[in-house]
Amino acid sequence: MASSEEDGTNGASEASDEKEAAGKRRRLGLLATAWLTFYNIAMTAGWLVLAIAMVRFYMEKGTHRGLYKSIQKTLKFFQTFALLEVVHCLIGIVPTSVLVTGVQVSSRIFMVWLITHSIKPIQNEESVVLFLVSWTVTEITRYSFYTFSLLDHLPHFIKWARYNLFIILYPVGVAGELLTIYAALPYVKKSGMFSVRLPNKYNVSFDYYYFLLITMASYIPLFPQLYFHMLRQRRKVLHGEVIAEKDD
Ligand SMILES: CCCCCCCCCCCCC/C=C/C(=O)SCCNC(=O)CCNC(=O)[C@H](O)C(C)(C)COP(=O)(O)OP(=O)(O)OC[C@H]1O[C@@H](n2cnc3c(N)ncnc32)[C@H](O)[C@@H]1OP(=O)(O)O
């Protein structure tokens, strides 16, 4: 059987990819393209640094205990920087849903700052490693995908990885996040952190423990939407299907 390379279909699809990328750059404008290229390169580099630091830590110490503490500054910096992705959608320089990106980025910011950073006793949980590894592999792939696409030289394996690895990494990452929040519950309940009790002069109360329970429950309707969004993107990019979405 003739392969796609042999019968020339691969060449044709490469030519059409290049044409598409050139059209995309024209649409975006020079400034936006330059900014996105810089942003994606910086983010790829940041997550690569994180990956190397994690591998080195594990090879030197042979345990995951202390891993989070050793990489937390880099993680916080690059994950917080990702808030710009919501801005990119809002100003229209990337054709992505503000809602999908907003949920994705805010859940990460929440995990980094309001869970792992704030609740020290859970930093050595195995579940933290689960989401750290899953986020790191995802982001190296995702940002290098965007970078190479903008530069018009997208290797097939990166495209393949961007739209296949998430099938496993997304559930693994979400499991890591949920298990970490679950591990945090006893500490939150005992300490009463971030909670506001009555009576107070504003007459409002807030219980972080119940907020966490509600957050965990919100994964049930929200995660499938993100997952199915990615499955639709996968069909569109890898199999060329035209799919209408109504999530904006
Ligand atoms: C306050 C508390 C809140 C708590 C909320 C709790 C509920 C949370 C529930 C869900 C929790 C999820 C937690 C997440 C866990 C993990 O991440 S685990 C690790 C695995 N994760 C993944 O695999 C993430 C996969 N998901 C995504 O990638 C996101 O959905 C996305 C980031 C929003 C990306 O989706 P989308 O943009 O639609 O896909 P793409 O195909 O990549 O892009 C579409 C087009 O946009 C262009 N583009 C996008 N970004 C850029 C960029 N930076 N630079 C250049 N171009 C960009 C892209 O090229 C595409 O363009 P076209 O080719 O023209 O279509």
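This is a predicted model: local features need pLDDT of at least 70, side-chain atom pairs count only at pLDDT 80 or more; totals for chains, interfaces and linings use all residues.

Me: How many helices and how many strands does the chain have?
Reply: The chain has ten helices and zero strands. Helices (H or I, at least four residues) and strands (E, at least two) are DSSP runs, numbered from the N terminus.

Me: Why is His 64 called buried?
Reply: Buried means under 20% relative accessible area, exposed over 50%, and partly exposed in between (1.4 Å probe, protein chains only). His 64 has a relative accessible area of 19%, so His 64 counts as buried. His 64 lies in the loop between α3 and α4. Contact means heavy atoms within 4.5 Å; leaving out residues up to four places away in sequence, His 64 touches Phe 57, Tyr 58, Asn 124, Glu 125, Glu 126 and Val 129.

Me: Why is Gly 29 called partly exposed?
Reply: The relative accessibility of Gly 29 is 25%, and therefore Gly 29 counts as partly exposed. Gly 29 is found in the loop between α2 (9-28) and α3. Gly 29 and Ile 93 are 64 residues apart in sequence, yet their C-alpha atoms are 9.0 Å apart in space.

Me: What makes a group of residues a nonpolar core, and which residues have the most contacts inside the largest one?
Reply: A nonpolar core is a set of buried Ala, Val, Leu, Ile, Met, Phe, Trp, Tyr and Cys residues joined through side-chain atoms within 4.5 Å. The largest such core has 47 residues, and those with the most contacts inside it are Trp 47, Leu 75, Ile 115 and Leu 132. The elements giving two or more residues to this core are α3 (30-61), α4 (67-81), α6 (98-117), α7 (126-150), α9 (166-191) and α10 (208-239). With nine residues, α10 gives the most. Apart from neighbours within four places in sequence, Leu 75 is in contact with residues including Trp 47, Val 112, Leu 132 and Trp 135.

Me: What describes the packing of two helices?
Reply: Two packed helices are described by the angle between their axes and the distance between the axes. Axes are lines fitted to C-alpha atoms, for helices over the stretch in contact, and angles run from 0 to 180 degrees between N-to-C directions. The axes of α6 and α10 come within 11 Å and cross at roughly 145°. For α4 and α6, the axes come within 10 Å and cross at roughly 145°.

Me: What is the handedness of the crossing of α4 and α6?
Reply: α4 passes α6 in a left-handed crossing. A crossing is left-handed if the near helix is turned anticlockwise from the far one by less than a right angle, and right-handed if clockwise.

Me: Where does UniProt place the feature "transmembrane region"?
Reply: The unreviewed UniProt entry places this feature at residues 38-59, 80-103, 163-188 and 208-228. UniProt positions are given in the numbering used here, feature names are shortened, and annotations may be inferred rather than shown by experiment. In the model, residues 163-188 are 88% helix and 0% strand, and residues 80-103 are 62% helix and 0% strand.

Definitions and conventions: Residues are numbered from 1 along each chain as its sequence is written. Side-chain values use heavy atoms; hydrogens and water are left out.
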